Amino acid sequence: MSKHFDAIIIGAGQAGPSLAGRLTAAGKTVALIERKLFGGTCVNTGCMPTKAMVASAYAIHTARRGAEYGMVTGAVSVDFARVMARKEKVRLDARSGVESWLKSMKNCTVFEGHARFESPTEVRVGDQLISGDEIFINTGGRAAVPDFPGVDEVPYLTNTSVMDLSELPEHLVIIGGSYIGLEFAQMFRRFGSEVTVIEKAQRLIGREDPDVSDAIRDILEKEGVHIRLSAECIRFARHKDGVAAGVDCTSGAPEVIGSHVLLATGRRPNTDDLGLDKAGVKTDARGNIEVDDFLRSSVPHIFAMGDCNGRGAFTHTAYNDFEIVAANLLDNDPRRVTDRIPTYALYIDPPLGRAGMTESDARKSGRKLMIGTRPMTRVGRAVEKGETQGFIKVLVDADTEEILGASILGTGGDEAIQSILDVMYAKRPYTTITRAVHIHPTVSELIPTVFGDLSPA
Ligand SMILES: Cc1cc2nc3c(=O)[nH]c(=O)nc-3n(C[C@H](O)[C@H](O)[C@H](O)COP(=O)(O)OP(=O)(O)OC[C@H]3O[C@@H](n4cnc5c(N)ncnc54)[C@H](O)[C@@H]3O)c2cc1C
Ligand SMILES: NC(=O)c1ccc[n+]([C@@H]2O[C@H](COP(=O)([O-])OP(=O)(O)OC[C@H]3O[C@@H](n4cnc5c(N)ncnc54)[C@H](O)[C@@H]3O)[C@@H](O)[C@H]2O)c1
């Protein structure tokens, strides 16, 4: 006999716990199942520990530049154990916060173990079978490990195991030059490792515009990160000094010898071990659960939220999925996934803040464009801080005056982008921003100026 609940939530990532809070507050009984670490990827192996490490790397980098600011210091050395201990505290505090919240939630029963469907309404966790009227899948994803020749014969790191390093790598070779690879590349370089990024595409972070990719490459190379683009036939072999990573098809050499290898070649959804076939839930070719605009799967009482549905790959999109599901089920508010404007940041230093379309996307849309740009060397706040790398770029539809997108690569770019995003959500023309008075001196202060200086493109 299975124990019955109004709702079953699989996964304690970014959507599940908050949904448990709303459902139980509405008087429903909830079973929440987590197989490993409460808080999921963001809290344990993603955003929080990486941004804690990025903060250490920034402090160390700024200390090295201390003399420029009038600081009298000796040589800066890095206590990697302390960096990792600081990161550890950040993630453990967050993890235990989520865990104790769920375990003390009235009407919520927490099951610890791997969940697997036995039928459209039944889920097994270990030797317990439970059933639910509605089932919410929030199982996230994990690092994809491509079948590179030799990959199984060498030790390699992913974003999960890199968090447990006890020694600073002498030479960290990173496969994949996108969000994960670049954040780790810069921070480990600042900690003192030699770092090589190997990317198969012709430029870094290929989803961004070429001018953004080029500027990021310049920023990283200036700090001594080695970058190998257009890498073909990536392969691995053991070497007396660690691992040999082949980067070219021409036989044997050239290769890069690293003490450690980190794979950062994308993520795959945790949907292959859920027994979805027994529930009749459909997935696409990449394993993402297919959902409609309200996050219902092909089985109407089963929903999928967060990275496992392939509709977003960020903490804020996973959380927004919770908001959409809760609004529709509990508030009679028809919020939709397609209401969402793409937005995210890349946390290298300086960060890249992004909203809406890239220039390449906007050009492909066939609209008549106007573009405004400004280098950070002409942003007073950046000059005062001595952080002038990067630029601001904004895109506007010339016919409708609608803001189509923006990229801010520069100090404070992750925060300044939000003022543009809010005007996009308000569906107001760009002239709303040109008439706004922003605080001096801030990076945001120059955003009206950039919009006031558009050129046809
Ligand atoms: C290195 C790195 C840095 C990142 N930095 C950022 C950032 O700065 N900003 C940002 O917005 N995003 C960032 N992300 C992405 C972000 O972490 C994810 O988008 C987010 O965590 C997705 O949340 P989720 O709820 O979908 O899944 P997850 O957080 O992955 O949670 C899924 C949970 O489900 C559990 N689970 C899986 N299968 C089962 C099962 N069968 N039974 C029971 N439990 C199960 C898992 O153990 C996990 O706890 C980063 C990711 C990485 C890897
Ligand atoms: N700041 C943030 O918000 C943040 C930070 C880190 C990660 N994330 C999330 O995690 C997700 C995954 O990040 P990611 O950087 O691993 O993936 P990604 O999909 O963004 O990039 C993978 C990179 O690896 C390369 N690659 C793929 N297969 C390869 C192969 N066989 N050989 C060589 N190179 C190969 C690709 O060309 C690409 O540049 C992102 O989509 C993002 O949503 C977000």
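Strands here are DSSP runs of E with at least two residues, helices are runs of H or I with at least four, and both are numbered from the N terminus. Two strands pair if DSSP finds at least two bridges between them. You're looking at a predicted model, where local features need pLDDT of at least 70, side-chain atom pairs count only at pLDDT 80 or more, and totals for chains, interfaces and linings use all residues. Residues are numbered from 1 along each chain as its sequence is written, while chains are lettered from A and ligands numbered from 1 in the order in which they are written.

Next, pick strand 8 (171–175) and strand 9 (194–198), which run parallel and are joined by five bridges. Zoom in on Val-173, and you'll find Thr-196 of strand 9 opposite.

Last stop: ligand 2. Its shell has 24 residues (C-beta, placed from the backbone, within 6 Å of the ligand), with Gly-176, Ser-178, Lys-200, Gly-266 and Ala-313 coming nearest. Which helix gives the most to this shell? Helix 5 does, with four residues. Helix 5 spans 179–191, and strand 17 (343–346) also supplies at least two residues.
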